[in-house]
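Try each task yourself before reading its solution.

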Amino acid sequence: MTRPQAASLISQHFGGAQVQGDAPFVVTVPSEQWQSFARFAKDTLGCRFFSFSTAVDWKDQGLELVARIDNLDDGVSVLMKARLAPGVSECPSLVPVFRGADWMERECYDMFGIRFEGHPDLRRILLGDDWVGHPLLKSYAVDTPYPPYR
Amino acid sequence: MATPALTRVELDYAGGERLTMNMGPQHPSAHGVFRAILTLEGETVVGVDAVIGYLHRCHEKLAETLTYAQYPSIASKTDYVAAMTSEFAYVLAAEEIGKIDVPRRAQYLRVVTSELQRVASHLLWLGTWCMDMGGALGGGATIFLYCIRERELILDLFESLVGARLLYGFYQVGGVRYDIPSGWAEACRNTIDLIDQRIGEYEGLLEENPFFLARAQGVGLISRDLAEDVGIAGPLLRGSGVQFDLRRAAAYSSYQDFQFKIPTEIQGDCFARYRVRMAEFRESIRIVRQALDGLPEGPISSRPGLKSVAQVRIPKGEAYARVEGPRGEVGCYMIADGSAKPYRMKWRGASFSNLAVLPHIIPGHKVADVVAIMGSVDPVFGEVDR
């Protein structure tokens with residue numbers, strides 16, 4: 001699949017998505033299409049390689065989800081994004097589409113407190129089970145105390 | 001905390017008894033701090049719950065508090081066995097956003113150091129992996145000591161180049177920090193020639209050893225489908241039949257100037273991953289030779305000397321830069337807001353994604369195979385936990 005073909009397929013199936021660039025395609029979809037777009041990219045665009053997923057805290061403007069998937073055979077790559085409304089931290093999970101999303105979303109939950117609906121095992125992964133707060137949120141100060149240690 | 005096993009395989013085991021066994025976090029075969037909670041039926045593992053995070057330092061939060069001049073030397077602490085490649089990904093991301101040119105000499109020096117780093121990292125992997133399977137190799141530590149001996153030579157080269165043996169801080173946004181001292185290229189050539197000869201020696205020791213073959217062949221199969229779905233990269237992906245290497249697929253830092261093969265195996269077992277890495281030794285050595293032969297003259301950095309660490313400013317923008325590290329795709333997703341520090345930085349640690357495949361492949365194997373499989377994945381926990 002060439003990049004123009006991929007671009008026209010994206011605009012055909014996801015009319016509401018904003019597409020920028022083509023290496024990678026930066027596609028912004030509404031958060032309710034997060035999972036269906038990933039499914040489409042995997043099945044139709046052949047982006048079967050799950051590179052990473054994460055989130056960005058844009059303070060008052062809410063959280064943004066980011067995931068990158070690649071087609072290793074012909075170099076089509078998609079950086080998919082979705083904005084959550086301010087104060088919202090629920091989002092569909094990508095685990096039914098990509099098994100690699102399992103640990104990535106657990107990390108995202110750990111760091112940002114995003115609850116992925118449909119994740120089979122959503123619990124903290126890097127921080128301890130008794131940790132309070134989600135450190136990568138901009139509202140979490142670097143010197144937040146962690147009793148009784150500091 | 002009682003945690004149910006994540007993945008279960010139903011086997012024809014006559015007994016109804018299941019045993020939960022804790023492995024780690026201080027198990028020597030983990031090469032770091034990794035805890036696996038194994039659910040056993042007899043000798044067979046039926047479920048794995050991988051517990052990570054013991055080495056977490058929140059590098060991503062740290063990166064938001066450090067400037068573009070400060071962080072590269074901290075980046076080397078993510079994957080401390082291949083410190084060069086993690087620094088590399090960070091500076092590439094910053095250069096991509098800032099559209100900063102890197103002089104050709106610096107690009108070649110980056111190639112030389114990251115390929116030497118790959119050889120050093122693979123040597124450590126080979127030595128420790130074979131020691132994990134110790135008894136089966138008739139004497140245990142032989143290969144380990146051989147590999148460490150050779151790795152030491154590369155660390156000596158790094159020491160005379162940078163002054164440090166493990167964590168370098170060699171890369172900076174815009175180039176590299178040091179030029180090679182006189183006589184370094186010659187010493188480097190001698191070292192890689194020596195290592196090139198000795199790799200054949202290791203292959204002879206291992207591949208003619210039926211115990212090694214029995215423990216590596218057919219163990220820990222990863223299908224192409226699973227490999228892509230989980231997002232494992234590097235030698236693991238190529239061991240599962242995907243001929244994909246970022247140095248070729250998305251060439252960075254002048255890699256298009258060099259001739260090299262992309263070793264690929266189709267079996268997807270521990271032995272295939274071993275074969276890929278053994279072939280990569282030779283390809284890396286080839287690249288180092290070519291880069292030293294064609295090393296251009298000129299400046300080593302486009303960045304003027306700094307009076308303050310906050311002087312490097314990157315305009316607003318975002319980029320995802322990835323390099324082919326010894327363990328696969330090391331990626332740095334960076335969002336810059338125009339100040340001297342990134343607004344957000346995400347590490348895609350190659351070991352993190354590679355390790356995530358363990359719960360999918362271990363069930364069905366014997367306990368002793370867990371050690372062989374874990375070693376063949378080559379995780380570095382600084383990079384898993386970041």
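**Exercise 1.** Find how many bridges join β6(B) to strand β7 of chain B, and which way the two strands run.

*Solution.* Step one: locate β7 at residues 328-336 of chain B; strands here are DSSP runs of E with at least two residues, helices are runs of H or I with at least four, and both are numbered from the N terminus. Step two: count the bridges, and you reach nine, with the strands antiparallel. Two strands pair if DSSP finds at least two bridges between them. Step three: check one position, where Ala321(B) has Cys332(B) in β7(B) as its bridge partner.

A word on the model: it is predicted, with local features needing pLDDT of at least 70 and side-chain atom pairs counting only at pLDDT 80 or more, while totals for chains, interfaces and linings use all residues. Residues are numbered from 1 along each chain as its sequence is written, and chains are lettered from A and ligands numbered from 1 in the order in which they are written.

**Exercise 2.** Work out the strand order of the open sheet of three strands in chain B, and which strands stand at its edges.

*Solution.* Start with the order, β6-β7-β8 (chain B), paired antiparallel. Next, look at the ends: β6 (317-325) and β8 (342-348) of chain B each have a single partner strand, so one side of each lacks a neighbour in the sheet. Finally, the twist averages 15° from one strand to the next (angles run from 0 to 180 degrees between N-to-C directions, and axes are lines fitted to C-alpha atoms, for helices over the stretch in contact).

**Exercise 3.** Describe how helix α4 of chain B and helix α5 of chain B cross.

*Solution.* First, take the axes of α4 (residues 104-132) and α5 (residues 141-162) of chain B: they come within 8 Å and cross at roughly 160°.

**Exercise 4.** Which strand of chain A gives the most to the side that touches chain B?

*Solution.* Begin with the totals: 24 residues of chain A are in contact with 29 residues of chain B. Among the elements of chain A, β3(A) gives the most to that side, with six residues.

Technical notes
Contact = placed C-beta atoms within 7 Å.
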